Amino acid sequence: MEAVQRVDLPLTPQKVRELQAGTPVRLFGEILTARDAAHRRMVQALSRGEELPVLLKNTLIYYTGPCPARKGEVIGAAGPTTSSRMDTYTPRLLAEGLLGMMGKGDRSPAVIEAMKEYGAVYLAAPGGAGALLAGKITRAAAVAYEDLGPEAVFRLEVADFPAVVAIDIFGNNLYRRGRRKYARSGG
Amino acid sequence: MREISVELITNTVAGLCREANLDLGEDMLALIKEAVSKEESPLGRSFLESLLENAGLARRKELALCQDTGMVVVFAELGQELHITGGDFNAAVSEGVRRGYRENYFRRSVVKDPFLRENTGDNTPPVIYVQVVPGDRLRLTVMPKGFGSENKGQVAMLTPAQGKEGVKEFVLKTVSQAAAGSCPPVVVGVGVGGTMEYAALLAKRALLRPAGTKHQRADLRELEKELLAAVNNLGIGPQGLGGRRTALAVQVEVYPTHIAGLPCAVNLSCHCLRHKTKIL
């Protein structure tokens with residue numbers, strides 16, 4: 001496994017350019033969350049020419065719908081959800097200056113083309129490790145669409161949050177590369 | 001006639017919801033540990049190790065194993081000599097889910113209507129299956145089913161001529177298409193026989209067997225073994241990032257079927273396969 005790279009947020013086009021598919025990373029700083037319903041609302045708002053409730057420029061969106069926090073805790077379990085459900089909406093958000101996305105699973109060819117065009121990166125967080133990842137979140141506040149409950153947009157502060165660069169801005173794709181490498185005949 | 005109250009049913013379901021979401025079974029932990037020792041991909045191994053850490057943390061800190069605490073599926077085996085008193089059985093089970101999710105800060109993941117999509121706010125209703133059996137006991141199993149993997153299941157109405165080869169091909173196609181989206185390593189539940197919907201239920205019931213246990217029938221044991229090897233040869237690996245452990249187990253259940261058909265269903269579970277049972 002390659003050496004772990006520290007990534008301080010917010011992202012910049014230069015930082016994103018240096019992240020190569022296959023590199024394990026640890027994130028420090030602020031990220032936003034959004035999943036199905038919030039994506040739908042953001043893209044609908046943009047199509048009506050409205051402003052978004054949060055600025056996307058240079059941010060990273062983490063696809064998650066966390067469990068509610070117990071009293072005295074920052075957040076409940078907060079692992080990644082399947083990213084491909086966001087594929088329809090993603091190119092529109094990349095056009096707004098979104099530089100990073102984090103979730104689980106491969107992306108569509110259209111999203112990967114848009115990532116190359118706008119210079120954005122896609123990270124895979126460990127799916128199903130919700131309790132572990134909750135411990136890497138030091139602050140959480142709902143900042144938009146609170147009526148959506150677990151699907152609201154949260155601003156999270158993370159420290160030492162583990163992920164791996166799954167698809168880089170050149171379109172190198174760890175899902176395809178990894179599968180080819182370990183496939184054997186008899187399948 | 002033996003009697004039990006709906007309150008007892010509600011309390012039991014609430015308790016099972018809590019246990020299932022906080023405590024990954026020893027069967028799954030053993031399979032993940034085995035996968036750590038066999039996985040060739042370093043990235044895959046480190047992911048599998050993080051799952052063991054996650055399970056420990058969930059138990060210690062009373063945090064859900066996964067934020068997708070699922071739609072709850074309840075399997076009830078109701079003894080025909082048992083009388084339920086004090087109210088409605090289905091309402092009692094629903095109330096148990098409501099309480100279990102509220103008291104433990106689990107995510108509400110259920111919407112009222114598949115088109116209107118407004119959250120019900122309490123993770124109800126569950127999906128409930130009741131089987132009437134001999135005896136005077138009630139056996140309750142609660143399975144919170146996450147939708148990352150649930151979304152990737154498929155049903156096929158194969159022909160008798162397609163036989164075992166057709167089933168193998170279909171299972172492989174389903175897992176291959178599911179790939180990273182199903183949160184591998186997965187447990188693959190396969191149901192063969194019955195009718196269309198019954199095959200799907202068999203596939204889900206196959207996931208209730210202690211994970212990694214083999215079928216009692218020798219030919220089906222052999223089929224499970226072949227399928228597991230073939231699935232792992234796909235190279236999808238932990239999290240779909242490449243590796244030799246795409247599935248932890250393949251579990252097949254069968255049922256008599258019609259002379260004209262071979263229904264086959266695949267129900268996938270992520271590595272967070274959760275279910276707890278209590279007999280009242």
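Which residues of chain B form a nonpolar patch on the surface?

## Surface patch on chain B

In this predicted model, the patch consists of V155(B), M157(B) and M196(B). Together these residues have about 300 Å² of accessible area. One of them, M196(B), lies in helix α7 of chain B, which covers residues 196-206.

## Extent of the interface

The interface between the two chains brings 48 residues of chain B into contact with 43 residues of chain A. The size of an interface is often given as the accessible area lost when the parts come together. Here, chain B and chain A bury about 3,500 Å² between them, and carbon and sulfur atoms account for 58% of that area. Of the area that chain B buries against chain A, 21% comes from Q67(B), Y105(B) and L241(B), more than from any other three residues.

## Polar and charged pairs

Between chain B and chain A, the count is one salt bridge. The side chains of R184(A) and E40(B) meet in a salt bridge, with an N to O distance of 2.8 Å. Polar contacts across the interface of chain B and chain A link 18 residue pairs, with both residues at pLDDT 80 or more.

## Helices and composition on the chain B side

Two helices of chain B, α3 (42-61) and α6 (163-178), each supply at least two residues of the side that touches chain A. The most is given by α3(B), with eleven residues. By residue class, the side of chain B that touches chain A divides into 20 nonpolar, 19 polar and nine charged residues.

Note on methods. Residues are numbered from 1 along each chain as its sequence is written. Chains are lettered from A and ligands numbered from 1 in the order in which they are written. This is a predicted model: local features need pLDDT of at least 70, side-chain atom pairs count only at pLDDT 80 or more; totals for chains, interfaces and linings use all residues. Side-chain values use heavy atoms; hydrogens and water are left out. Contact means heavy atoms within 4.5 Å. Buried area is the accessible area (1.4 Å probe) that two parts lose on being put together, summed over both. A salt bridge is a side-chain nitrogen of Lys or Arg within 4 Å of a carboxyl oxygen of Asp or Glu. A polar contact is a pair of N or O atoms within 3.5 Å; within protein, one must be able to donate a hydrogen and the other to accept it, and residues adjacent in sequence count only if both atoms are side-chain atoms. Helices (H or I, at least four residues) and strands (E, at least two) are DSSP runs, numbered from the N terminus. Ala, Val, Leu, Ile, Met, Phe, Trp, Tyr, Cys and Pro count as nonpolar, Asp, Glu, Lys and Arg as charged, and the others, Gly among them, as polar. Patches are made of residues with over 30% relative accessible area and no salt bridge: like charges are joined within 9 Å, nonpolar side chains (Val, Leu, Ile, Met, Phe, Trp, Tyr) within 5 Å. Accessible areas come from the Shrake-Rupley method with a 1.4 Å probe; for residues, only the protein chains shown count as cover.
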